Amino acid sequence: MDTKTWYMNPTMQVQLTLMGSEAVKEIFGHWVSPKTIFTGRLGATVFAVFVSFLRERKRAFILSDKVVERHAKTVAEHLHEYGFETRIWNGAVPEPPISLAEGCSREMAKFEPDLIVAVGGGSTMDLAKAAWILYELPGYDLKAVGPLIPLGLRKKALLVAYPTTSGTGSEVTWASILTDDAVSPPMKIEIISMEIVPDFAILLPEFTLGMPPKITAGTGLDALAHAVDAYLSSYDNDISDALAIKSTNLILKFLPRAYRGPNDREARYRMQMAATMAGLAFGNSQAALTHSLGHAVGKVFGIHHGVAVGIFIPYSIQYYSKASDKYVQLAREIGIETRDKVECLEKLVAKFQEFLLSFEVPYALKEHGITEEEWEKNLGVVAKHALEDACTFASPRPTSLTDIKKILEHAYKGEGIDF
Ligand SMILES: [Fe+2]
C-alpha cells in the first residue's frame, strides 16, 4: 500500500516551493473560504432558514463527540424547527484515523443526508471533511486527494461547521488533518482540497463559554501561530495579511481575558472571530515552521497541538528574520516601537515569549517534561518528520534537516536562534 501523500512527491515539492515566489504569485493565486460565515444566535437562525430552502430532502447528519454532544443536540433542535430530520453521530476523536472516517462515511450512507454538520473542535471538523469525501465518493483513496485535483463533491450533501473551540480555523480551511492508521507507527497526514472548505461556518460564542483555561490557552495559541505564520509565510498575500494582523491583535488582547474568565462573553466572541480570521489567513497562505516543528514535537512527546505550535512562534520568527524583513512590519502592526531591526526582533520575540509564559506555557521544551535522554533518542525522528511536513514548504527561509535539528536543539534549551 502506498503510504505517501501528495506533498511527498518530489515534483510536487518543487512546485510547492516555487509557488511561494513573488513571480509565480502574480500569475497564479486562489482564495478559498466558505460561502457564508454566520455569527451569533440570530445568524444561526438565518442560516437555518436559508439552508432549509437549499436542501430538498432536509436530512442532516451531525458529527460531534461525547464532550460537546449537548451542542450537537442544540443544533439538531434548531434544524428540526426548519423541517430537518437529524441523526447525531458522536464518535469523533482527536487526531481522527482514516479508518474512523471510513466507518463514519458508512453511517452517513445509511442515513443518506443532504447536509453534513460538524459540531466540535478541529478534529471533528477534519473528520467530517474526510468522511464527507468518502460519502460522496465511496472507496476514494484519501491520500490521493490533492489541492487542485477535482473531486466533484456536493452531489449528495453540503458541509456546515459549528466550531466549539476558538483555534483550529478548520471551519474555514481546505485542510483535514488525519492519522494514517494503516501504517506502523500511525502517521499524521494532511489532505488538502479546495472542495472540502465547508459551505457555511456558524460562529456561536455560546458554544465556547466555560471552556477550561488550559484548552482556551492551547487553542488560542494555535490561532496565534496560524496568524503569525500566515503573515510571515512565503505564500503570504495582501488578503491574508490584513486578516492575520487583525487576528493577531485580537488574540493578544482577548486571549488573556478568555483565559482568566471562561464566561467572559465578549472575549469568547472576539476569540471566535480571531480564530476564524486566522483560519482564513493561514488557509490561504499556509502555516509554516511553527506547525511543521509543532506537529512533529507534539506527536512524539504528546504535547497539545496549540501549545506545541505556539512554543515555536518566537523561534520561527528569529529563523525567518535572516531571509525576510517582514517581521519589522509585524512588530509595527502590533504596536512595538523600535529604533533598529536588531532591537525590533528582540522586542518582538520577547513579546511572544512573555505571552506564552502568561499562560504558564514555558517556551523551553525541556520544561514540558521531556528528559534529555528522551530528547536525544527522538531528535532525529522529530527533525525528519518536521522536514517532511507539508507546512515546511511555506517557510520564507528555505530550510534543511541540519537547520531543523539546530532549531529544535535551541528550542529544547529555550535559547534564541542566532544562525
Ligand atoms: Fe494549527
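This report walks through the domains, some helix packing and a handful of individual residues in a predicted model.

## Ground rules

The model is predicted, with local features needing pLDDT of at least 70 and side-chain atom pairs counting only at pLDDT 80 or more, while totals for chains, interfaces and linings use all residues. Residue numbers start from 1 along each chain, as its sequence is written.

## Two domains

The protein chain splits into domain 1 (36-208) and domain 2 (212-413), with bounds that come from an automatic or database domain assignment. Taken over C-alpha atoms, the centres of domain 1 and domain 2 are 27 Å apart.

Where they meet, 17 residues of domain 1 are in contact with 23 residues of domain 2; contact here requires C-beta atoms, placed from the backbone, to lie within 7 Å. On the side of domain 1 that touches domain 2, the elements giving two or more residues are β7 (187-192) and β8 (200-203). Strands (E, at least two residues) and helices (H or I, at least four) are DSSP runs, numbered from the N terminus. By class, that side of domain 1 has six nonpolar, eight polar and three charged residues. For the classes, Ala, Val, Leu, Ile, Met, Phe, Trp, Tyr, Cys and Pro are nonpolar, Asp, Glu, Lys and Arg are charged, and the others, Gly among them, are polar.

## Helix α11 and its partners

Helix α11 (residues 305-320) packs with helix α13 (residues 341-358) at about 175°, their axes 9 Å apart. Axes are lines fitted to C-alpha atoms, for helices over the stretch in contact, and angles between N-to-C directions run from 0 to 180 degrees. So α11 and α13 are roughly antiparallel; the cut-offs are under 35 degrees for roughly parallel, over 145 for roughly antiparallel, 65 to 115 for roughly perpendicular, and oblique for the rest. On the α11 side the contact uses G310, I311, I313, P314, I317 and Q318, and on the α13 side L345, L348, V349, F352, Q353 and L356. That set divides into nine nonpolar, three polar and no charged residues.

α11 also packs with helix α15 (residues 401-413), this time at an angle of about 130° and with the axes 11 Å apart, which means that the pair is oblique. I311, F312, Y315 and Y319 of α11 meet I407, H410 and A411 of α15. The class count for this contact is six nonpolar, one polar and no charged residues.

## α7, α10 and A225

α7 and α10 pack at about 140°, with axes 9 Å apart, so this pair is oblique too. The contact brings A225, V228 and D229 of α7 up against T290, H291 and G294 of α10. Its residues divide into two nonpolar, three polar and one charged.

Neighbours within four places in sequence aside, A225 touches A287, T290, H291, G294, V309, G310 and I313. A225 and T290 are 65 residues apart along the chain, yet their C-alpha atoms are separated by 6.4 Å.

Most residues other than glycine have a negative phi.

E95 sits in the loop between β3 (85-89) and α5 (98-111), and is partly exposed, with 18 C-beta neighbours inside 10 Å. Q286 is in the loop between α9 (265-285) and α10 (289-301), and counts as buried with 26 C-beta neighbours inside 10 Å.

K384 belongs to helix α14 (residues 372-388) and is partly exposed, with 14 other C-beta atoms within 10 Å. K384 and L293 are 91 residues apart in sequence and 9.9 Å apart in space, C-alpha to C-alpha.

D403 is part of helix α15. With 18 other C-beta atoms within 10 Å, D403 is partly exposed. D403 and L387 are 16 residues apart in sequence, with a C-alpha to C-alpha distance of 9.7 Å.

How values were computed: Contact = placed C-beta atoms within 7 Å. Buried ≥ 20, exposed ≤ 12 C-beta atoms within 10 Å, placed from the backbone.
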